[in-house]
Amino acid sequence: MACGGGLTLPEETPSFEGNVVVWDVPIPGGNGSFFMRVRAPDVAAECLHEIHVLPTTDFLSRGSDGMLAEATVSDLEIGRGVRIWTKVALDPCPSNGEARVVELLP
């Protein structure tokens, strides 16, 4: 997401934040889409956020200099902290959404 020559995050509050528990769960007929499951620190262990990641989802990370940089799905790993902005967010347990932007936390 470029703005004025640099990368930016959406202005609204992230839909979900937590640590990656599972990723790369393929979606049959999903054309490269997959599910990622994220556990928020303030929810029960059995209640995970299930995130639908599309080929158009943007991945960003913050470098040691604090600047945003482009990242890729290959930068995901179990236990990594993420903030996720979604197109649609449903909030029962488990909650779910369709990812627009995923910020990989240090």
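Modeller: A polar contact is a pair of N or O atoms within 3.5 Å; within protein, one must be able to donate a hydrogen and the other to accept it, and residues adjacent in sequence count only if both atoms are side-chain atoms. The model is predicted, so local features need pLDDT of at least 70 and side-chain atom pairs pLDDT 80 or more, while totals for chains, interfaces and linings use all residues. Residues are numbered from 1 along each chain as its sequence is written, and side-chain values use heavy atoms, without hydrogens and water.

Colleague: With which side chain does Glu 103 make a polar contact at 2.7 Å?

Modeller: Glu 103 lies in strand β9, residues 96-104 (a strand is a DSSP run of E, at least two residues, numbered from the N terminus). Its side chain makes a polar contact with that of Arg 62 at 3.5 Å. The partner at 2.7 Å is the side chain of Arg 83.

Colleague: Is Glu 103 buried or exposed?

Modeller: Buried means under 20% relative accessible area, exposed over 50%, and partly exposed in between, with a 1.4 Å probe and protein chains only. The relative accessibility of Glu 103 is 3%, so this residue counts as buried.

Colleague: Which residue forms an aromatic pair with Trp 23?

Modeller: The structure holds one aromatic pair (ring centres of Phe, Tyr or the six-membered ring of Trp within 6.5 Å; planes under 30 degrees apart are stacked, over 60 edge-to-face, the rest tilted). The pair is edge-to-face, at 6.2 Å centre to centre and 65 degrees between the planes. Trp 23 is partly exposed at 25%; its partner is Phe 34.

Technical notes. Helix = DSSP H or I, 4+ residues; strand = E, 2+ residues; numbered from the N terminus.
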